[in-house]
Amino acid sequence: MIGSILVKLKPLTEITCKSRGEECIYKLFLNVIEREDENLAEEIRNLKDEIPITLSPFLKGVKFSKGYTYLFPKDREYATFRITYLKEEVLELILKGFGFLSEEKKAVELGNGKVLIEKVDIQKAAHANFISFKEILSNAKEENTIILEFCSPTFFEIKGKNKLFPLPELVFPSLLKKWNKFSEVKIPWEIEKEFEKIEIEQYRLTTEPINFSGNKIIGFIGKVNYRLPESINKEVRKILNALADFSFYSGVGSKNIIGMGQTRRTN
């Protein structure tokens with residue numbers, strides 16, 4: 001099974017994070033995982049291979065203004081972010097690490113302050129779900145139109161250059177690579193030649209920077225309508241729809257572990 005869960009935080013102090021909290025969340029997550037599995041933490045740090053995890057920016061319970069995110073202890077709503085995982089053993093580590101901190105009510109560092117891990121929410125909701133690769137493939141439809149929403153800044157790193165437009169030949173190979181890396185149900189690589197047939201009907205995109213310590217990365221956010229022409233047969237059409245559905249869990253593009261490339265299929 002793969003899935004998406006929510007982590008809910010209660011600030012104990014006023015906290016300021018850059019951008020939408022991507023770096024703060026990444027460091028918090030890494031500190032928690034390192035206690036459970038040093039090898040996985042080192043793999044995440046090095047980013048040498050596909051990582052079976054994505055992290056979102058803060059989804060709610062925070063204030064965002066002029067390139068900074070603010071958390072206040074008196075806010076009634078929990079500060080919430082999302083973790084997706086593509087391997088079940090990763091879920092076990094997440095639940096063990098964050099679950100222990102939640103049960104023990106131990107304060108942990110977030111940015112320039114401290115928070116309590118109030119809850120690890122595994123209930124199905126808008127940002128959380130569980131499914132298998134087989135189910136994604138079997139449930140996929142054969143729709144001619146695929147609309148993807150890039151919910152957090154997204155970019156593609158190609159031969160050392162950052163690409164800021166979601167061409168089909170960038171988006172779908174990104175999804176295919178992660179699918180075949182972690183799924184027991186492999187998709188033939190030959191399908192890549194079909195990606196060039198996919199057309200962009202409409203897009204509504206803007207760019208947004210993410211600020212990290214000593215670095216700034218620019219990505220695009222927004223929606224894109226992709227059209228699958230009749231020259232794509234039903235079997236391939238179903239696979240392309242499955243990859244689009246998979247984007248909710250996998251993310252798209254580069255640096256998904258630090259909050260970039262959060263994606264979902266929409267109507």
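This is a predicted model: local features need pLDDT of at least 70, side-chain atom pairs count only at pLDDT 80 or more; totals for chains, interfaces and linings use all residues.
Where is the place of Lys66? Lys66 sits in the loop between β4 (63-65) and β5 (68-71).

## Two positive phi values

Lys66 is not a glycine, yet its phi is positive, about 50°. Its relative accessibility is 80%. The cut-off for exposed is over 50%, so Lys66 counts as exposed.

Ser19 also has a positive phi, near 50°, and is likewise a residue other than glycine. Ser19 belongs to the loop between β2 (15-18) and α1. Buried or exposed? Ser19 has 5% relative accessibility. Buried means under 20%, so Ser19 counts as buried.

## Strand β6

Strand β6 spans residues 79-85. Seven of its seven residues are buried, so the strand is largely enclosed by the rest of the structure.

In a regular strand, side chains alternate between the two faces of the sheet. In β6, Ala79, Phe81, Ile83 and Tyr85 point one way. Thr80, Arg82 and Thr84 point the other way. Residues of both sets are buried.

## Partners of β6

Which strand pairs with β6 over seven bridges? Strand β1 (residues 2-11) does, in the antiparallel sense. Within β6, Phe81 is the bridge partner of Val7.

β3 also pairs with β6. The sense is antiparallel and there are three bridges. Here Thr54 has Thr84 of β6 as its bridge partner. Phe81 and Thr84 point opposite ways from β6.

## Helix α2

Helix α2 covers residues 38-46, and its buried residues are Leu40, Ala41 and Ile44. Why do they lie on the same side of α2? They cover an arc of only 100° around the axis, which puts them on that one side.

The face turned away from the buried side carries the exposed residues Glu38 and Asn39. Asn39 also takes part in a contact at the start of the helix. There, a side-chain oxygen of Asp37 reaches to within 3.0 Å of the backbone nitrogen of Asn39.

Methods:
Residues are numbered from 1 along each chain as its sequence is written. Side-chain values use heavy atoms; hydrogens and water are left out. Buried means under 20% relative accessible area, exposed over 50%, partly exposed in between (1.4 Å probe, protein chains only). Helices (H or I, at least four residues) and strands (E, at least two) are DSSP runs, numbered from the N terminus. The arc is that of the directions from the helix axis to the C-beta atoms. A polar contact is a pair of N or O atoms within 3.5 Å; within protein, one must be able to donate a hydrogen and the other to accept it, and residues adjacent in sequence count only if both atoms are side-chain atoms. Two strands pair if DSSP finds at least two bridges between them.
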